Amino acid sequence: MSTRTPVLLSTILILGLGLSCGASAQSAAPGATPAQTAPEVRYATVVNFQGKIVDVDTAKSMVTLEGPEGQKATFVVQNPDNLKAAKVGEPFSARYYDVVTIRKKEPGENIKDATTAGVWTTNPLGVPGGSRAEQSTLVVTVEAIDEANGTVTVKAADGTSTTVKARNPENLKLLKAGDQLVIVQYQAIALSLRKESVAGSP
């Protein structure tokens, strides 16, 4: 069994509009279809943040970034223009996107679990930076619905089961055990080494 599926399933269902385990988005724009139609819910989160470059390893083409709360992450930089522009102490800005759609699987639809990813870098004349996007699709089966407690339990193709609490209990009335749901999560991050001040700096 893939170790990725349980984590991805939990993340998608936690972030998915209408299904929540108490997670809070910094910026969210939810939307859902009317109650009389098949349940389809969407949830979009956009987070902007700034930080600074704390280490550059030109030999290994690696750059370490520090976020606003001191968290650090190291990345391999394949674009030589980006690596050349990366200087210790220089600021960066980033934007993170997370869009989740959950809908009922239509009869006869042939949908399989899949993940696709892409990486883009800026051209030499643009602001140094780049972006990465990943889209994951999961098909899950509703195992149980507990309207009294406002929860739903779903099972992935590999047997992984997850129970989550509904943010909008009314959505549970549109589901029944045995229903299959198509969950699509799109995540992307765009990074820019703009010459702008980091929050809190002079």
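Which strands each supply at least two residues of the lining of the largest pocket? In this predicted model, local features need pLDDT of at least 70 and side-chain atom pairs count only at pLDDT 80 or more, whereas totals for chains, interfaces and linings use all residues. Residues are numbered from 1 along each chain as its sequence is written, and side-chain values use heavy atoms, with hydrogens and water left out. The strands in question are β3 (40-57), β4 (62-66), β5 (72-76), β7 (114-121), β8 and β11.

The protein contains 2 helices and 11 strands, assigned as DSSP runs (helices H or I, at least four residues; strands E, at least two) and numbered from the N terminus. Along the sequence, these elements follow the pattern α-β-β-β-β-β-α-β-β-β-β-β-β. Of the contacts (heavy atoms within 4.5 Å) with a separation of 6 or more, 65% are between residues 24 or more positions apart.

Buried residues (under 20% relative accessible area, 1.4 Å probe, protein chains only) make up 34% of the 202 residues.

L193 is placed in the segment after β11 and counts as buried because its relative accessibility is 12%. The C-alpha atom of L193 is separated by 8.3 Å from that of N82, 111 residues apart along the chain. In strand β4 is found T64, which counts as buried because its relative accessibility is 12%. Leaving aside residues up to four places away in sequence, T64 touches K52, I53, V54, D55, K72, A73 and T74.

The largest pocket has a volume of about 880 Å³. A pocket is an open set of points on a 1 Å grid, with a 1.4 Å probe and protein on both sides within 12 Å along at least five of seven lines; lining residues have an atom within 4 Å of a point. L65, F75, G130, I189 and L191 are the closest to the pocket centre among its 30 lining residues. By class, the lining has 16 nonpolar, 10 polar and 4 charged residues.

Terms used: Buried < 20%, exposed > 50% of the residue type's maximum accessible area, 1.4 Å probe, protein only. Points joined across faces, edges and corners; volume = space filled by probe spheres on them. Nonpolar A, V, L, I, M, F, W, Y, C, P; charged D, E, K, R; others polar.
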